[in-house]
Amino acid sequence: MPSEPVAPPTDAGTVRRPGIVVAAPVLGAMALVSAWTGWGGLALGLLAVVVALAALARLRGSRDASRRGPLAGLALGLVAVGIAVVVEWSTLAGAVTYLETGGVRTLDECMRQAPNEKEQHVCKSQHLDEYRARYPSEIDP
């Protein structure tokens, strides 16, 4: 009885690639497709970049010349991150402004900066106590 398991036969022309080499372009493509959603594309894009860099690092010492997959994953991931940042730019800019101002705005400041009725409703909701104190006869927002 043989004590060592027998390896399954493989084709002589088939090259086995590590899973991470295949995962890089797949994640890059998924990131590019979901980049238009904003945060999902940003997260997948960053993950694609990290996986692609890890795959390239793994292939560095080997003689395997199949770096096209990880390079494609890296490029797709970077493009997806760029698109997601553009899509979410207003949210990111608002967060930076909020952090710079300390996040404290009065009801008047909020109402002045609100471009439409929906934003004014948000202001009323955020400053509900102040709104009720000023306008007790108004209907709650």
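## Ser34 and its surroundings

In this predicted model, Ser34 touches Gly40, Gly41 and Leu44, where residues up to four places away in sequence are not counted and contact means heavy atoms within 4.5 Å. Ser34 lies in helix α1, helices being DSSP runs of H or I with at least four residues, strands being runs of E with at least two, and both being numbered from the N terminus. With a relative accessibility of 16%, Ser34 counts as buried; buried means under 20% relative accessible area, exposed means over 50%, and partly exposed lies in between, with a 1.4 Å probe and protein chains only.

## Basis and confidence of the model

Residues are numbered from 1 along each chain as its sequence is written, and side-chain values use heavy atoms, with hydrogens and water left out. As this is a predicted model, local features need pLDDT of at least 70 and side-chain atom pairs count only at pLDDT 80 or more, whereas totals for chains, interfaces and linings use all residues.

Where pLDDT is low, the predicted coordinates should not be read in detail.

## Overall make-up

The protein has 7 helices and 0 strands, and of its 141 residues 24% count as buried. Among contacts between residues at least 6 apart in sequence, 56% join residues at least 24 apart.

## Packing of α1 with α2

Helix α1 (residues 19–34) and helix α2 (residues 39–60) pack at an angle of about 160 degrees, with their axes 8 Å apart; the axes are lines fitted to C-alpha atoms, for helices over the stretch in contact, and the angles run from 0 to 180 degrees between N-to-C directions. That makes α1 roughly antiparallel to α2, given that angles over 145 degrees count as roughly antiparallel, under 35 as roughly parallel, 65 to 115 as roughly perpendicular and the rest as oblique.

Residues of α1 in this contact include Ile20, Leu27, Met30 and Ser34, and among those they meet in α2 are Gly40, Leu44, Val51 and Arg58. By class, the contact of α1 with α2 has 15 nonpolar, 5 polar and 1 charged residues, where Ala, Val, Leu, Ile, Met, Phe, Trp, Tyr, Cys and Pro count as nonpolar, Asp, Glu, Lys and Arg as charged, and the others, Gly among them, as polar.

## Packing against α3

α1 and α3 pack at an angle of about 25 degrees, with their axes 7 Å apart, which makes α1 roughly parallel to α3. The contact is made by residues including Val21, Pro25 and Leu32 of α1 and Gly69, Leu76 and Ile83 of α3, and its residues divide into 11 nonpolar, 4 polar and no charged. Ala72, found in α3, counts as partly exposed at 33% relative accessibility; Ala72 and Val26 are 46 residues apart in sequence and 9.3 Å apart in space, C-alpha to C-alpha.

For α2 and α3 the angle is about 155 degrees and the axes are 8 Å apart, and these helices are therefore roughly antiparallel to each other. Leu42, Leu46 and Leu53 are among the residues of α2 that meet α3, where Leu71, Leu78 and Val85 are among their partners. The residues of the contact of α2 with α3 divide into 17 nonpolar, 4 polar and no charged.
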